[in-house]
Structures are given as C-alpha cells and as structure tokens.
Amino acid sequence: QSLLSQSDKHSLPESLKILLSNSRALYSEHVANGLLSSTEQWWFLQHMLRNSCLMLLNHAAGGAGSHATTIQSRFMKILEIGSFTGCASLLMARESFVDSITLVDVDHQAISLAESAFRQEGIHDKFHYFVGPAKHHLDKLVKGQAQFHFIFIDANKQQYDAYYEKALLLLIDNGTMIVDNVLWRGQVWDDNFRDETTEKMRTFVKKVMDDEEWSESMLMPIGDGMYSVRKLPVTRKDQEHIQHDESVQERQMTDT
C-alpha cells in the first residue's frame with residue numbers, strides 16, 4: 001500500500017502529497033532513461049519518509065542521547081546534500097524551530113518540483129538552492145564560512161568521503177551529520193562484492209568509525225544503514241591534545 005493511499009491517516013500536508021506524486025513520476029522517468037536501475041529505493045523512501053525524517057530532526061534537536069546536537073538557539077539551519085525533490089525537507093521546514101534549509105542536488109527538475117511545493121506550502125522563504133555537483137557548492141559554502149546545525153547526506157556514494165570532510169567544516173561544534181545508505185544494500189560487509197562503489201563505501205565506513213579526533217559516530221540499523229555523526233567541540237579536541245602532550249612529557253621526564 002503506497003504512502004499516497006495512507007497519507008490521510010497521517011495527515012500529510014496536501015503540498016507533500018502532490019510533491020510525492022510528482023517525485024514518483026520524475027523518478028520513474030529517470031529509470032526509463034537508464035539513469036536509475038530500479039524503483040526499489042523510491043518505494044522504500046515512500047514507506048520511510050514521514051517517520052524517518054521527523055525522527056532524524058528530533059535526533060538533531062536533542063532526542064538521541066550522547067549523539068544529539070546541542071542547539072544554542074531555537075533556530076536551526078539544515079543542509080541537505082542530495083535532496084532530490086525535497087520531500088523530507090518540506091516536512092522538516094514546517095517545524096517552527098527550523099530557520100533555513102539549503103538544498104544541493106544535480107537534478108534541476110527535482111529542485112524545480114521542490115521549489116514549487118515549498119511555495120504552495122508557504123515556506124519558500126526558508127529555502128536556499130544549489131543545482132549542480134555537490135563538491136563545487138560545498139566548496140563555496142566553506143569559503144563563505146557557512147555553518148549548519150544538521151547536515152543530511154544522500155548523494156553520489158563515490159564522493160561520500162569528500163562530502164564528509166566538507167560537512168565537518170560546515171557543522172557547528174556538537175552539530176549532527178546523518179549519512180544515508182552506508183551499508184550499501186549490505187554489500188559493505190560482504191567481501192564477495194569488489195566493485196568500485198562498494199569498495200569506496202567500505203573505506204568510508206571504516207574511516208568514520210576510526211575518526212575519534214573530529215567526531216563521534218554511531219551506525220544506526222535503519223533502512224540501508226545510517227551513520228549518525230556528532231562533530232566534537234574544538235575545546236574537547238584541544239583538551240585531548242593537551243592531555244596527550246602532558247602524558248608524553250611525563251613519560252619523557254620519567255625516562256630521564
């Protein structure tokens with residue numbers, strides 16, 4: 001049973017129902033043109049959309065224990081890398097504590113559908129749009145010293161490492177990053193898969209897991225796997241370096 005037929009039960013806004021319908025049509029067009037291999041991911045998106053995006057927003061706003069974002073004000077800035085038609089963003093933008101959402105996607109048709117839906121919902125002024133390769137736009141955001149409380153990544157899997165590095169620069173201290181599809185249909189844990197995308201995802205998963213200097217991470221068994229990453233405060237990283245240096249000095253003094 002599709003989300004469209006279930007939407008009345010969950011009181012989804014009319015603009016989102018229309019956007020879902022338009023998004024499905026665009027997704028199917030991409031499949032027909034050979035740009036996407038199947039519609040499985042889209043059906044999963046429909047099933048998970050409402051609960052997952054609100055769960056993620058609650059997580060970032062302080063509902064997920066030690067990995068939650070500490071927000072110093074009620075105005076939250078969000079960056080979505082790989083937004084497609086912005087379905088999740090539309091729901092998040094309806095929350096009063098969300099100040100702005102920046103969407104980055106290579107698909108100009110998808111961004112156009114998103115913009116139309118946001119205007120219909122009366123929340124267009126909360127959004128900023130970047131159409132084109134994410135790395136280029138992320139470089140511009142870093143150069144402009146933009147800062148975000150919450151970043152969601154669901155774009156080109158082979159570029160996840162680059163997106164992660166840029167996102168760390170764009171996050172406030174204690175900011176939350178959610179990275180989707182990190183298990184890559186389970187292929188990350190299966191050594192029988194050696195294709196380029198799986199290998200890069202495998203390397204990325206290990207990198208985030210081992211990155212204790214800049215972030216804390218937690219792999220959440222949701223859908224195709226989601227990484228929850230909290231950027232460590234500068235003060236904590238500095239303190240750890242100071243403690244390490246003092247420990248080294250003490251050992252050196254003991255040796256002499």
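Is Arg194 buried or exposed? In this predicted model, Arg194 has a relative accessible area of 53% and is therefore classed as exposed, the limit for that class being over 50%. The side chain of Arg194 meets that of Glu199 in a salt bridge, with a distance of 3.0 Å from N to O. Glu199 is partly exposed, its relative accessible area being 25%.

Side chains of opposite charge can pair when their charged atoms come close. The structure contains 12 salt bridges. One of the pairs consists of Asp139 and Lys166, whose closest N and O atoms lie 2.7 Å apart. This pair links distant parts of the chain, since Asp139 belongs to helix H6 (residues 134-143) and Lys166 to helix H7 (residues 160-170), the two residues being 27 residues apart. Asp139 is partly exposed, at 37% relative accessibility, and Lys166 is likewise partly exposed, with a relative accessible area of 27%.

A further salt bridge is formed by Arg230 and Glu216, with 2.9 Å between the closest N and O atoms. Here the linked parts of the chain are strands: Arg230 is located in strand S7 (residues 226-231) and Glu216 in strand S6 (residues 215-220), 14 residues apart. Arg230 has a relative accessibility of 9% and counts as buried because this value is under 20%. Glu216, at 21% relative accessibility, counts as partly exposed.

Methods: Residues are numbered from 1 along each chain as its sequence is written. This is a predicted model: local features need pLDDT of at least 70, side-chain atom pairs count only at pLDDT 80 or more; totals for chains, interfaces and linings use all residues. Side-chain values use heavy atoms; hydrogens and water are left out. A salt bridge is a side-chain nitrogen of Lys or Arg within 4 Å of a carboxyl oxygen of Asp or Glu. Helices (H or I, at least four residues) and strands (E, at least two) are DSSP runs, numbered from the N terminus. Buried means under 20% relative accessible area, exposed over 50%, partly exposed in between (1.4 Å probe, protein chains only).
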